[in-house]
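Subject: Structure for your files

Hello,

Here is the structure I said I would pass on. My notes on it follow below.

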Number of protein chains: 2
Amino acid sequence: MNRNIMNLTAFQDAYPNDLSHCFGCGKNNAQGHQLKSYWSLDQAKGEGGEEQTFAKFTPQACHTAIPGFVYGGLIASLIDCHGTGSASAMAYKQAGRALGEAPALRFVTGKLEVNFVAPTPIGVELTLVGTFSEIKERKIIVDITLSAHGKICAKGQVIAVKMPSSMGAV
Amino acid sequence: MNRNIMNLTAFQDAYPNDLSHCFGCGKNNAQGHQLKSYWSLDQAKGEGGEEQTFAKFTPQACHTAIPGFVYGGLIASLIDCHGTGSASAMAYKQAGRALGEAPALRFVTGKLEVNFVAPTPIGVELTLVGTFSEIKERKIIVDITLSAHGKICAKGQVIAVKMPSSMGAV
């Protein structure tokens, strides 16, 4: 892990324990991907500019589509979890509250869209970057790029909605 | 597995061996989901009507989002692989060729869209049904529903494009 982000808290690590079992990003799912998303450094330091989030993930050999390339389902999963994580962090920011403070501000995906613009090579670290195209109290839209070696391989959009109480939101 | 489909070949099982490593649906990926898609029975019997495909999959306990529900990344993955598999089968049908006959007609996803219309319960068999809204030689659009207990939980669309030779198509 980059030294610069060691002292930052991942959005997903701030989820309450009982909402941290997601296969894509839950810290309590030992078999899952445990994706971790952060504010980009200039945001974390409060330097302003466009609000931006990032995550890094290196797929395993088994996450193959055609040999040499990452399967689309994993790419969709990473974009999905980076989107809902970014939405949660943005909701805390908008509310002027500390990340993870109870009651939890947790978001789920209403709609996910992924454009596969180039084959994603396997065995290298992927970088996800999220920006925000709409921010409302109950609906946040996150636009995400997924890159390998600095080249965008997929562009996605997550329409995240505040988790309904029927799903266990506190 | 339903007795009625035991004698049918899954689309993905007809992929050539070197294109059968996908984590979502490859028969040669021991760690993957091994999703298997089929023509709906009336189609397989040549009874006509709207062309329709189906697949069934039961997520494991680890495939959790919020406890009790399936994580969106798996749902996206199932829709993705059912879409490209259905596209391949349709391409063979359109060409008047037997499923799996060389040279392979293999499709990859250009764009994936998933609408999560209701939380998907975990621990039950899910059913995917695919229909076709556009059929061209190099581009096939598959519309897919994912249901649990007969209730639609997600609606997706896969824009499948014929695999480019750069990805290993034969």
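A salt bridge here is a side-chain nitrogen of Lys or Arg within 4 Å of a carboxyl oxygen of Asp or Glu. K111(A) and E113(B) form such a pair, with their closest N and O atoms 3.6 Å apart. Two salt bridges are found by this rule across the interface of chain B and chain A. Please keep in mind that this is a predicted model.

The interface

The contact between the chains involves 35 residues of chain B and 35 residues of chain A. Together the two chains bury about 2700 Å², and 64% of that lies on carbon and sulfur atoms. On the side of chain B that touches chain A, α2 (72-95) and β3 (107-116) of chain B each supply at least two residues. The largest share of that side, eight residues, is from β3(B). By type, the residues on that side of chain B are 16 nonpolar, 14 polar and five charged.

The sheet

Which strands pair across the two chains? β3 (residues 107-116) of chain A pairs with β3(B), antiparallel, over five bridges. Within this pairing, L112(A) has V114(B) as its bridge partner.

The sheet is open and has twelve strands, in the order β1(A)-β2(A)-β4(A)-β5(A)-β6(A)-β3(A)-β3(B)-β6(B)-β5(B)-β4(B)-β2(B)-β1(B), with antiparallel pairing. Its edges are β1 (37-39) of chain A and β1 (37-39) of chain B, each of which pairs on one side only. From one strand to the next the twist averages 25 degrees.

In chain A, β2 (residues 53-57) and β4 (residues 126-135) are antiparallel and share five bridges; K56(A) is opposite T127(A) there.

Two helices pack on the sheet. Helix α2 (residues 72-95) of chain A touches β1, β2, β3, β4, β5 (139-148) and β6 (151-162) of chain A, and also β3 of chain B; its direction makes about 135 degrees with that of β3(A). α2(B) touches β3 of chain A as well as β1, β2, β3, β4, β5 and β6 (151-162) of chain B, and its direction makes about 135 degrees with that of β3(B).

In chain B, five bridges link the antiparallel strands β2 (residues 53-57) and β4 (residues 126-135), with F57(B) opposite L126(B). β4(B) is also joined to β5 (residues 139-148) of chain B, antiparallel, by nine bridges. G130(B) is opposite I144(B) in that pair, and the two strands form a hairpin with three residues between them.

Regards

Definitions and conventions: Residues numbered from 1 in each chain as written. Chains lettered and ligands numbered in written order. Predicted model: local features only at pLDDT ≥ 70, side-chain atom pairs only at ≥ 80, totals over all residues. Heavy atoms only, no water. Contact = heavy atoms within 4.5 Å. Buried area = accessible area lost by both parts, 1.4 Å probe. Helix = DSSP H or I, 4+ residues; strand = E, 2+ residues; numbered from the N terminus. Nonpolar A, V, L, I, M, F, W, Y, C, P; charged D, E, K, R; others polar. Pairing = 2+ DSSP bridges. Axes fitted to C-alpha atoms, helices over the stretch in contact; angles between N-to-C directions.
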